[in-house]
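User: Hi! I am new to protein structures and would like to learn how to read one. Could you walk me through a few features?

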Amino acid sequence: MKHSLILEVNGERHEIAVEASATLLHVLREDLDLIGPKKGCDSGGCGCCTILLDGRAVYSCMVFAMSAQGKKITTIEGLPKDGKLDPLQEAFIQSGAVQCGYCTSGMIMTAKEFLANSPAPGDPEIRRAISGNLCRCTGYHKTIDAIRTAAFSR
Amino acid sequence: MSKLNIVGHSVLRTDAYDKVTGGKGYTVNLRLPGMLHGKLLRSPHPHARVLRVDTSLAAKLPGVKAILTAADVPQIKYHPVYFSPSEAASMVRDMLILATTVRFAGEPVAAVAATRPEIAEEALELIRVDYEPLPAVFDATSAMQPGSPQIYEHAPKNIVMNPSFNFGDLQKGFEEADYVFENTYRTQRVHTCYMEPRVCVVDSDTSGNLTIWSSTQHIFGLREKLAFALGIPISKVRAVKPEYIGGGFGGKLDMGFLEPVAALLSLKTGRPVRIEHSRYEDFITTARNPFEVQMKTGVKKDGTFTARSAKSILDTGAHATHGAVVLMVHGFFGFLLPYRCPNQTWEGMTVYTNNIIGGGFRGYGAPQAAFAVESQIDEICDKLKLDPIEFRLKNAHVQGEPHPFDPNFTLSTYRLADCLEKGAKQIGWSKRLPVGASPGTKKRGIGFACQPLWVSGCMGFPDIYEHSGAILKLNVDGTVNLAIATVDMGCGQNTVLSQIVAEELGVPVTAIRVTHADTDTVPFDAPSHASRVTYSAGNAVKAAAASAKKRVFQVASGMLNTAPENLEIVDSRVQVMGTPANGISLADVVKRAESPYVKMVPDGMERSPIEEKGTIMGIACLAPSSNPSPSAVQFVEVEVDTETGEVKVLRVAYAHDIGKVINPSGAEGQVEGGFQQGLGYALMENLTFDPSSGACLAADFLNYKMPTAVEMPPEITSLWVESDEPTGPFGAKSLAEPCLIVPAPAIANAIYNAVGVRVRDLPITPEKILAALGKLDPA
Amino acid sequence: MSISGVKEFCRPQSAGNAVELLAKHGNRAVLLAGGTFLHGLFSRGLGSGVEVLVDLQHAGLSYVNEAHGGLALGAMTTFRELAATEQVQKMPEFGALLDSLHCPPAQIRNQATVGGCVASAYTLFDVPVAFLALDASVKSLGPQGPREMPLEKFFVDYFEHSLKKGEILTDVLLPKPAARSASAFLKLETNSNDLALLNVAVRLSLDKSGLCQESRVVLGGGVGKTPVRALSCEALLNGQRPSRALFENAAQKVSADIHPVSDHRASGQYRRAVAKVYLRRTLLRAAERLGIEIA
């Protein structure tokens, strides 16, 4: 049985019909055709699905779509402004932080909230900030470089 | 060699922009009109006969379009390993797409295709399966005992293979030894943890032609295996290369159940069928095989090996899959070959159990061997008060020697000694304290491990493909299309190959476009595995670029009125060597070749020479001429909390004999990522199972412990020793796998230096350390 | 996923409304707080039979109020919201909360609620252990009306609490801390973002002469079916001057109070051995927050 739902995603309003059990991740990918948030484990363990809900990083696989009504949802697709990449996106490219890239969207969204609240983070804080985002390719080394670069290039 | 403008530089990843803005190229994104969703019904029993499968209720569920059971699949036994042909004598074909005897908990017995994934799941719950559970065995040693459940008729004592190799006179060697060391080492089952799940979409037409998209490391292997298992000609299967995949590490180096099942469901329904693994399914699909390695080593008091023998037992799980090859790589490149010793024996056993099946994983048998070999060397040095660096040098191979595996090759470039020196300096080896001497309750220690010999691909290995091909096409705007079957699984294969082409052709790397490829249109390339892409595929793309360049010069020679041998391409400009003024843009040359033979001009018509006409292509299909060995050493500094057993890695120095670094940033990424995997292997990862039911206890990221950013050391230094390998593209050898082979023994040795505790079975958990320190209360 | 049986999604606008919905739907309904624990259950196939989700985010339960010098936390207060309060940020009395709230990653902190965390009755969680060391009590609302009980009485067994059917947790109440108090929390885990192998929360309150007037020592993780209050340790600490020797003695005593389990993550022996070490370290951490010299 489908329930009608209004979601605001990346500044756009969407009226859709979803199952009560549908997760926000599922709805973003399947109903709204957004490929940025990714399914890595569907159980809040890997962080590939991380998006911002009212500016706060959450595992979208652990949010019921129905609970997200009335909130501002931001996915990686919503980061660029006026055609320009977010400094985090730019830094990830420049620092070599992207290998297979499957964790990248989640990493950047997590870092986006983190940097909004931490103007001058040290490396240990950056590590803790992304402790909920798993990566198997990079060893996190250049990911931390990228976040640090984005933090201090402001 | 002339100056390199692109190779050797940290060129930005060609696919990074796409990946930071969403990531379009993953197979997981693919949706086709009319697509159905498939799900696999998996056995809860680790060993059972499937007596009856009643699908009648499931078939009635609205939205269910097809159901498969064992009765619906071709009865063709196959092996799923991509890098070896189906008929290869050294491989064991013991799999069926859906079987009537299940041999591990999770083996599929039925499948459903439905209009929505939830419907397919619901349908699975409506399928009634009557099993006759059979006794199961979960460890290799027990499996070989009399009275153990016989898992296959074709494998008495559950032994798949039992090779042994002798060199010299072992008995004499032990007699000559001053000391003999006997130790057994054990490693655990771990999972590759690629972040993009295994996923495929298969479409079919009414003539039974199949198109398959899969998150795979080898499109040609997928095609061949799928065709073989379905009993159809390979020309009826087209495997499309994914733009890139979300990680593989060897875990996508074989055909799973999902691909042939999706194919059969598509043929049955006439619609595309998509199957995506849940993370649970991925955890029970592929793993690094656990090993037990029993070693007996004789040395002179100065550390020279006089005799080495080992017996290695590999638990291959319910199907042989990679077990035969992992065993041999382990035996040869892990034990017999890395060091010189005139008297050596190795015996290996690949054993069936009712555990999950083993797959490929970076290192492929060598991490298990290195843990044993490099730990034992450390133990020997500690006991005999020998310098561990000197010990390696004393027993190591020497540059210029014939390659110990195949004397047709030589160790033309071999720089283990330089790696040892550089790494030791970086970590501060000379300041290392004696065992346990670090003050305080949190004790520091330094240790290292080597992988003295490795491969750049599979040239020379029986029953393993090793050839590549590439097609280059030059465009009128000066860009270059590179069509190649090589899959980029995150290591940066697309970027490195683009760099090689760009360097050879004399164009910027941004001019190279890695395009669509599928098994119908591009030449064969062996899988993305075995540390082979830079060396092997790199050679092929370089040759293709050279071939294209030749044609460019032919066309340009007419335009510039000079012999082709006088030309060069610099920065997309075709010019007489050394005189940029006397040249034309590459784009203009291509335009000339592609433009009409007759051109209308103000005062009539202009004809260009017919010989200049035709698309400028470069095609090369070849096998590499050698298999040069890199070598690697990793030094680590750890801190061990002697009150809790917890281990922190503080610093890492990794030195690699690489030939030539094509992309330094990318190469560092391989070292850093490899260390995450190695750290996890050493200290925390463990794919565990219930000892009576075989159910997986660690099938999610909460229970399967993988290092997060917090566990990683803040300092990882990559040191490159470049030696210009003559058979490699621009001098390159390989990199990828040693990055994961050496961390575990390096960490184990560092722990020993810190606290005098030797743990011989992985993972080295805090509990094991505390127990070894005698700090656990009696139970 | 097994929650595909969920058909209805309710958004009660008050706690009373939520209670009515639970009464109406009985066992078919489940309360949705932050959702992280619930999704954890569902993704492991433990959600069959659930047909109605009752989303509490609009039920007026998100607040942090000063209450008689202590804190009254609405059940839907997220970890992040609680951690951001002046009290948790600055007061050494609430140090155990500062420590425990920062254990999970941001994605969990932004979603997980104090009520959901407590109501899960999962002994491997961290924040409830800190709450216990701070003498928390909980308020609930049911068909029979509201009631209050000490958090100590709330936990009964693995995943079992003493709320009656149809009751919902509405508040977590923290009393005004005694003067000269500090608390701390530490956790043993395999990697970050892990459930506790064991955890410890400690609260020390000193009298005017610097002796320990009152203490709380609580352990969770795999040391019992519910978090355990280490009364033997507390008895040893009370009336004594804090010192390394005292803390070491107290730590040794902890064995008497805990029943560490052996599971696939760690053995009971290991947990027992490390409990002593972690208790000592947590006591030192609290003492540091008191700003006193520890001999």
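Predicted model: local features only at pLDDT ≥ 70, side-chain atom pairs only at ≥ 80, totals over all residues.

User: How do strands in a sheet pair, and in what order do the four strands of the open sheet in chain B come?

Analyst: In general, strands of a sheet pair through backbone hydrogen bonds, either parallel or antiparallel. Here the order is 17-27-28-29, and the pairing is mixed. Strand 17 (442-451) and strand 29 (715-722) of chain B each have a single partner strand, so one side of each lacks a neighbour in the sheet. On average, neighbouring strands are turned by 10° against each other, direction ignored.

User: In which sense do strand 17 and strand 27 of chain B pair?

Analyst: They pair in the antiparallel sense, over 10 bridges. For Gly445(B), the bridge partner in strand 27 is Val638(B).

User: Which strands does helix 18 of chain B lie across?

Analyst: Helix 18 (residues 743-755) lies across strand 17, strand 27 and strand 28 of chain B, and runs at about 145° to strand 17.

User: Now for chain C. Which domains does the assignment give?

Analyst: The domain assignment gives domain 1 (2-54), domain 2 (64-174) and domain 3 (181-290). The centres of domain 1 and domain 2 of chain C, taken over C-alpha atoms, are 20 Å apart. Their contact takes 12 residues from domain 1 and 16 residues from domain 2.

User: Which element of domain 1 of chain C gives the most to the side that touches domain 2?

Analyst: Helix 1 of chain C does, with six residues. By class, that side of domain 1 has eight nonpolar, four polar and no charged residues.

Terms used: Residues numbered from 1 in each chain as written. Chains lettered and ligands numbered in written order. Pairing = 2+ DSSP bridges. Helix = DSSP H or I, 4+ residues; strand = E, 2+ residues; numbered from the N terminus. Axes fitted to C-alpha atoms, helices over the stretch in contact; angles between N-to-C directions. Contact = placed C-beta atoms within 7 Å. Domains from an automatic or database assignment. Nonpolar A, V, L, I, M, F, W, Y, C, P; charged D, E, K, R; others polar.
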